[in-house]
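Hi,

Here is the structure I said I would pass on.

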Amino acid sequence: MVCLGNICRSPMAAVVGRAMVEEAGLGERFLVESFGTAGYHVGEAADRRAVAALRRRGWPAGDAHRARRITPDDVADCELVLCADRSNVDQVLRLVRGPRDRSHIQLLRSFDPAAPPGDDEVPDPWGGDSSDFDHTLELIEAACRGLVERLAVAVR
Ligand code: 4NP
C-alpha cells in the first residue's frame, strides 16, 4: 500500500487490508505493508487522525507503524504495489528497474467494483478534518474488500 507520506492513507490501507486478509484465511500467503513515495515523515507514527478514524470504525489501530519511503527493492519485492492516487503511481513507476513488467503497480481503488471510472483515487485527507479521514477510510475499506475477494480467487 503506497501513498505520499505513509502516515495517513497507506497505513490505514495496510491495517484494513491485513485484517481482511487474515479474516479471509489468507494471512499465511499475503504480507501487507505500507510505504510513502516521499521521505518527509520517515520514522513517524501514523497521523493521529488516521488512527482515530480506524478506531471509530473498529479496526485495530496500527500503533507499531513507522513511516517508510519506498525503494526500488521494495517495488521489485512486492507482488502488488497498490497506490492511493495517480501521482503515487507515477513516482513508483520511476523506481522500476529495467524493462520489467509494470502491471503489478495499480491504483488501490481499481479493486473497488463501485469506483466510478475517472474517480478512482483515494484522496489525500492530510489537510482535512475527521470527516475527510472517515471518507478516505470508507473508500479504502471498499477497495480492500474487492482486493481480498480477488486474492481469494487467485490462490484457490
Ligand atoms: P498520506 O498523507 O500521503 O496519505 O500519508 C500525507 C501526509 C503528509 C503530507 C501529504 C500527504 N505532507 O505533505 O507532508
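Let's start with Asp 85, which you'll find in the loop that runs between strand E3 (81-83) and helix H4 (86-93). Keep in mind as you read that this is a predicted model.

Is Asp 85 buried or exposed? Its relative accessible area is 13%, and the cut-off for buried is under 20%, so Asp 85 counts as buried. Its side chain makes a polar contact of 3.0 Å with the side chain of Ser 87. If you ignore the neighbours within four places in sequence, Asp 85 is in contact with Arg 9, Leu 107, Glu 121 and Val 122.

Two of those names, Arg 9 and Val 122, come up again in the lining of the largest cavity. On cavities of 30 Å³ or more, the count for the structure is 1. The largest cavity holds about 40 Å³ of space. Which residues line it? They are Met 1, Val 2, Arg 9, Ser 10, Ala 13, Leu 82, Cys 83, Ala 84, Leu 108, Val 122 and Ile 140. Helix H1 (9-23) and strand E3 each put at least two residues into that lining, and H1 gives the largest share, with 3 residues.

Staying with H1, Gly 17 sits in this helix. Gly 17 has a relative accessibility of 2%, so it is buried too. Leaving out the neighbours within four places in sequence, its contacts are Val 32, Cys 144 and Val 148.

Phe 30 has something of its own to show: the charged end of Arg 29 sits over its ring, 4.4 Å from the centre. As for aromatic pairs, the structure holds 0 of them.

One more spot to look at is Asn 6, in the loop between strand E1 (2-3) and H1. What is the phi of Asn 6? It is near 60°, which is a positive value in a residue other than glycine. For background, most residues other than glycine have a negative phi. Asn 6 is also buried, with a relative accessible area of 0%.

Cheers

Definitions and conventions. Residues numbered from 1 in each chain as written. Predicted model: local features only at pLDDT ≥ 70, side-chain atom pairs only at ≥ 80, totals over all residues. Heavy atoms only, no water. Phe/Tyr/Trp six-rings, centres within 6.5 Å; stacked < 30°, edge-to-face > 60°. Lys NZ or Arg CZ within 6 Å of the ring centre and 35° of its normal. Helix = DSSP H or I, 4+ residues; strand = E, 2+ residues; numbered from the N terminus. Buried < 20%, exposed > 50% of the residue type's maximum accessible area, 1.4 Å probe, protein only. Polar contact = N/O pair within 3.5 Å; in protein donor to acceptor, adjacent residues only side chain to side chain. Contact = heavy atoms within 4.5 Å. 1 Å grid on protein atoms, 1.4 Å probe; cavity = no way out; pocket = protein on both sides within 12 Å on 5 of 7 lines; lining within 4 Å. Points joined across faces, edges and corners; volume = space filled by probe spheres on them.
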